[in-house]
Amino acid sequence: MTFSQRILLWYGQNKRCLPWRDTNDPYKIWLSEIILQQTRVAQGMPYYLAFVKNFPTVHDLANAPEEKVLKLWQGLGYYSRARNLHTTAKIVVGSYDGQFPNTYNELLKLKGVGDYTASAIASICFEEPEPVVDGNVYRVLSRYYGIDLPINSTKGVKYFKALARSVMDGNEIRDYNQAIMEFGAIQCIPKNPDCSICPLNDSCIALQTKCVEKLPVKKNKTKVRRRYFNYVVPLTPSNGTLIKQRKGNGIWRNLWEFPLIESEKIIEEEELTQNSELFSELLNAKIEKYNDQPIVHKLSHQHLYTTFWIARTDRDIEGAISFDELERFAVPVLIAEFLETFKNSYF
């Protein structure tokens, strides 16, 4: 029995019941694939269901305001995915009359669609014999064939794509691609896989050479940058506050946040209030540190050491909104978590 036959047999016996497996609709397959990038199925499932409910078709998504798209995405992180999702929906509607391209090469032209996503849509929806290579597939192939090429190197990416093509079942590509990803997700898992029940254990090189935990290999990650965020949370006598929208090309573009003072290190109140532009609006405000120790919020290449400062004012502020209104705005998960605890303790 070949490698692909074993994978397909295992899949038939072990596959999970997932909503995007009940359809060949390229819109829903595309939606699920974008949501599941960098996201576990358990976390991504509610988001997929929410997007399908709010935007049943690509036309609905294309016509939606960005604010609503970002609000539904809130908590998933990597917000460029949401913005690309929205942009691509508009392209599909405007340039393709609402019909997704039906070939791998055409799909690659869509914003936010790379090799993996194009391969998944082309194979699952249109049965084009194009292999998928995601994190799960890298892990299965590197372990089974005992390959220590870094999967995030140019040479490694090309090698694994060619290997995936050579072992795939082109006649059952729709099921095969889903099968090998599923195998990596629930059998050949990153840490402590149960190799005793693996259908490939009699011929897996990593198991035979005791290298299961060492594969796949990755080159050293990008150095993590430390940043120090100080969010000033105005609190007026009528429970109003101030927020502003992030601009530019940095993290959380177009999301909303409290007035931010970024510093080079952890600072105290005296240094905080030296920001004359902000504190001219908060004249005579009573400043209180909300969290004694910075909250460490970890992003892919940045760690944010964040302190929230409550600034109680003795008068209302121009442009203030009530805390209840904040529910309407898409905010970073860091701020959403703060709001949840703050409301419970202050109101």
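Predicted model: local features only at pLDDT ≥ 70, side-chain atom pairs only at ≥ 80, totals over all residues.
Q: What makes a stretch of this chain a helix or a strand?
A: Helices are DSSP runs of H or I with at least four residues, strands are runs of E with at least two, and both are numbered from the N terminus.

Q: What makes the pairing of the R21 and Y11 side chains a polar contact?
A: The cut-off for such a pair of N or O atoms is 3.5 Å. The side chains of R21 and Y11 make their polar contact at 3.3 Å, which is within that limit.

Q: Which residues is R21 in contact with, leaving aside its neighbours within four places in sequence?
A: Here contact means heavy atoms within 4.5 Å. On that basis R21 touches Y11, K15, R16, R174, Q178 and E182.

Q: What kind of peptide bond joins L215 and P216?
A: It's a cis peptide bond, with omega of about 0°. P216 belongs to the loop between α12 (205–208) and β1.

Q: What makes a space a cavity and not a pocket?
A: In a cavity a 1.4 Å probe fits but cannot get out, while a pocket is an open set of points. Counting cavities of 30 Å³ or more gives 2.

Q: Which residues are closest to the centre of the largest cavity?
A: Of the 14 residues lining the largest cavity, those are R143, C188, C195, C198 and C204. The space inside is about 130 Å³. Helix α9 (residues 135–145) gives the largest share of the lining, with 3 residues.

Q: How many residues of each class line the largest cavity?
A: There are 11 nonpolar, 2 polar and 1 charged. Cys counts as nonpolar and Arg as charged.

Q: Which residues line the second largest cavity?
A: They are Y228, F229, N230, S263, K265, I266, I267, P294, Y305 and T307. Two elements give two or more residues each, namely β1 (225–235) and β8 (302–312). The largest share, 3 residues, is from β1. This cavity holds about 40 Å³ of space. By class, its lining has 6 nonpolar, 3 polar and 1 charged residues.

Q: What volume does the second largest pocket have?
A: About 280 Å³. Of its 13 lining residues, K244, P259, L260, E277 and L278 are the closest to the centre. At least two lining residues each come from β3 (244–245), β5 (260–263) and α14 (276–279). The class tally for this pocket is 6 nonpolar, 2 polar and 5 charged.

Technical notes
Residues numbered from 1 in each chain as written. Heavy atoms only, no water. 1 Å grid on protein atoms, 1.4 Å probe; cavity = no way out; pocket = protein on both sides within 12 Å on 5 of 7 lines; lining within 4 Å. Points joined across faces, edges and corners; volume = space filled by probe spheres on them. Polar contact = N/O pair within 3.5 Å; in protein donor to acceptor, adjacent residues only side chain to side chain.
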